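The exercises below are to be worked with the sequence and the coordinates at hand. Each task is followed by a solution in steps.

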Amino acid sequence: MSLTQLRPPPQHAAPSPKPSRAKLWLYRFDTKATPYVFIAPFFIIFTIFGLFPIVYNGVVSLRTWRLTEPDKDGWAGFANFSRLFSDSDFWNALYNTFGIFVLSTVPQLLAALIIANLLNRKLRGQAFWRIGILLPYLTPVVASTLVFAVFFSRDSGMANWFLSLVGFGQEQPLDWRAAKWSSWIAIATMVNWKWIGYNALLYLSAMQSIPKDIYEAASVDGAGPWRQLWRITVPMIQPVVVFTVILSTIGGLQLFNEPMMFDENPQSAGGGSAHQFQTIAQLIYKVGWKDLNLGYAAAMSWALFLIILIVAGINALLTKRIGGDR
Amino acid sequence: MTTFVNRAPQDTRGNWKTYLGLSLVLIFSAFPVYWMFVIATSTDAAVTQIPPSVIPGGELLNNLNEVFTMNDVYFTASLINSFVVSSVITASTLFFCSLAGFAFAKLRFPARNALMFVVILTLTVPNQLGVVALYILMGKIGWNGTLLAVIAPGLVSAFGVFYMRQFIGHAVPDELVESARIDGAMTLRVYWSIVLPAIRPALAVLGLLTFVMAWNDFQWPLITLNGTDFPTSMVALSDLASGNYVIYRRVLAGAFVATVPLIVLLLIGGRQIVRGIMEGAVKS
């Protein structure tokens, strides 16, 4: 309203004639159609390049679709899906994906909670700390994984040197890529490194919206800072914890960049010499673009989607249950 | 004990333990990036040195020269490509998402809530699900192997619309929009002269986050651009790191070059990025 008062009063303006038909029509058009014109670019682009591929992926998964033999294209029924059940590569990749997922998500979120709790103080250089812990989030995974690949190299890698410093030196240097457990730990370390700071900021943001008097009331019972964190802060930010658990599930089960670049020969998409750290996303890439079997890769994508849905649901329920009991 | 517990954590001053903890976290966060720089400036010997070398050497120019002149990697072109891709995606996301966000926040039209629900629903769909079909689609329209294939899917984002709607809802008063319309301003005019100036902070946040995501994207560019002369910098890096004999000082020199633009962004726009994430940004 204040804006109109700043303008010259209408009587000083030239007496406006009755709005013409064209003007009225234009005004009508503007109020009725413009909203749709504004949202149309988003919906058109998103439908073509986002929604359509997802739907069409279902069609592809029911067909024989090999890039090398286009003449063999045709309906395959559920052959691609039934093949999944007996495909040991798929089950191995599923096992690896879950192993790395657990090793990365649990420490990641716990560390993020503790760091958020540290940040949730009156601090000097507040912006500096917050920006600093975001460096891993911005660093390209491809670039940072190459650094970690050197850290975890068998001969003279920094990880092995560190192990020997703290008294776990071996006669044979540990070949991190060779075994399932060690390659999983290496990859989980990279995932943790990237996402801890990001999640800490999400938690911090939630912590700062907790009403202060809740802490004041609880202090009567003599809750120390550590108990304060677990008894008051964590239950209060539970929705955000659930949110980060779901995000980590969606992201973690699609893990691709880290295992790709950790491999000594990234282009093979093998996930190690015996597929010891090949994830499902990697296997989809290999089946689709190395074996050139797009139909089967599409079926795998659907399987992965279903798995993500189920696991995200279970995790959300679990997190709610655990948090709710406190 | 009771001297500090009767205050909320955010009113408690950080003690030396807080600062020690945060310093350790910061070292843990920064060390891999710093070490990338150390190796990028060193000779081969530094990579295998025990204890590890932590002081930069004087070989940066030499290593960079090798990266940029390497055959079949197209590193220079890849950096230009990444800049083009990320800039176009950022500009387009800002424009289309703020338009749609404005419509959803301030304009009244039938099916508005239903359409917004669709936007929120698509937020949760994993983007990898459609990759196979996207590749087939791009093949049909002949875009595979070109930058168009990388740019097109990134032109808009559901998160961008969601974020813009939230921000415009708070930042632009309804009365301002209404009075402008009473004065005869068309909707496009309202968007241009009232909404856009009011949402500059949100544009900065969304722009930074979008640019970072576009720059770091790897899987889809790898699928559609691999083996062409037009890689993005991430695809070129994976080429650099492939092969039987990998020279790490060269690989990490390339990795460092591809990381520098983002470090610059963090230095310039760090506060905005922090704010964007704390306001509820979502992983891509």
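Helices and strands here are DSSP runs, numbered from the N terminus, where a helix (H or I) has at least four residues and a strand (E) at least two. The model is a predicted one.

**Exercise 1. Confidence**

Task: State the confidence of the complex and of chain B, and find which elements of chain B have the lowest and the highest mean pLDDT.

Solution. 
Step 1. For the complex, the predictor gives an ipTM of 0.89 and a pTM of 0.90.
Step 2. The average pLDDT of chain B is 89, and 96% of its residues score at least 70.
Step 3. By element, the lowest mean in chain B belongs to helix α1 (residues 2-5), at 46, and the highest to helix α5 (residues 75-106), at 96.
Step 4. Residues 1-5 of chain B stay under 50, and the model has nine contacts beyond four places in sequence for them. Where pLDDT is low, the predicted coordinates should not be read in detail.

**Exercise 2. Annotated spans**

Solution. 
Step 1. Residues 181-204 of chain A are 100% helix and 0% strand, with end C-alpha atoms 32 Å apart. Residues 36-56 of chain A are also 100% helix and 0% strand, and their end C-alpha atoms are 26 Å apart.
Step 2. Residues 73-102 of chain B are 93% helix and 0% strand, and 43 Å separates the end C-alpha atoms.

**Exercise 3. The chain contact and the nonpolar core**

Task: Describe the contact between chain A and chain B, then the largest nonpolar core.

Solution. 
Step 1. Chain B puts 89 residues into the contact and chain A puts in 88.
Step 2. On the side of chain B that touches chain A, helix α15 (residues 248-278) of chain B gives the most, with 15 residues. That side divides into 63 nonpolar, 20 polar and six charged residues.
Step 3. The largest nonpolar core has 168 residues, and L146(A), A200(A), Y203(A), M300(A), M36(B), A100(B) and L252(B) have the most contacts inside it.
Step 4. Helix α9 (residues 180-207) of chain A supplies the largest share of this core, 17 residues. Domain 1 (15-58) and domain 2 (70-278) of chain B both contribute residues to the core, so it lies between them.
Step 5. Take Y203(A) as one case. Apart from neighbours within four places in sequence, Y203(A) is in contact with A112(A), L113(A), A116(A), I237(A) and V240(A).
Step 6. L146(A), another residue of the list in Step 3, is among the buried residues of α7(A). In helix α7 (residues 141-151) of chain A, 11 of the 11 residues are buried.

**Exercise 4. Two single residues**

Task: Are M260(A) and S78(B) buried or exposed?

Solution. 
Step 1. The cut-off for a buried residue is 20 or more other C-beta atoms within 10 Å of its own.
Step 2. M260(A), in helix α13 (residues 257-262) of chain A, has 27 C-beta neighbours inside 10 Å and therefore counts as buried. Beyond four places in sequence, M260(A) touches P266(A), A269(A) and Q282(A).
Step 3. S78(B) lies in helix α5 of chain B. With 26 other C-beta atoms within 10 Å, S78(B) is buried. Beyond four places in sequence, S78(B) touches P231(B), T232(B), S233(B), V235(B) and A236(B).

Notes:
Residues are numbered from 1 along each chain as its sequence is written. Chains are lettered from A and ligands numbered from 1 in the order in which they are written. This is a predicted model: local features need pLDDT of at least 70, side-chain atom pairs count only at pLDDT 80 or more; totals for chains, interfaces and linings use all residues. A nonpolar core is a set of buried Ala, Val, Leu, Ile, Met, Phe, Trp, Tyr and Cys residues joined through C-beta atoms within 7 Å. A residue is buried if 20 or more other C-beta atoms lie within 10 Å of its own, exposed if 12 or fewer, and partly exposed in between; C-beta atoms are placed from the backbone. Domain bounds come from an automatic or database domain assignment. Two residues are in contact if their C-beta atoms, placed from the backbone, lie within 7 Å. Ala, Val, Leu, Ile, Met, Phe, Trp, Tyr, Cys and Pro count as nonpolar, Asp, Glu, Lys and Arg as charged, and the others, Gly among them, as polar. pLDDT is the predictor's confidence in each residue, from 0 to 100.
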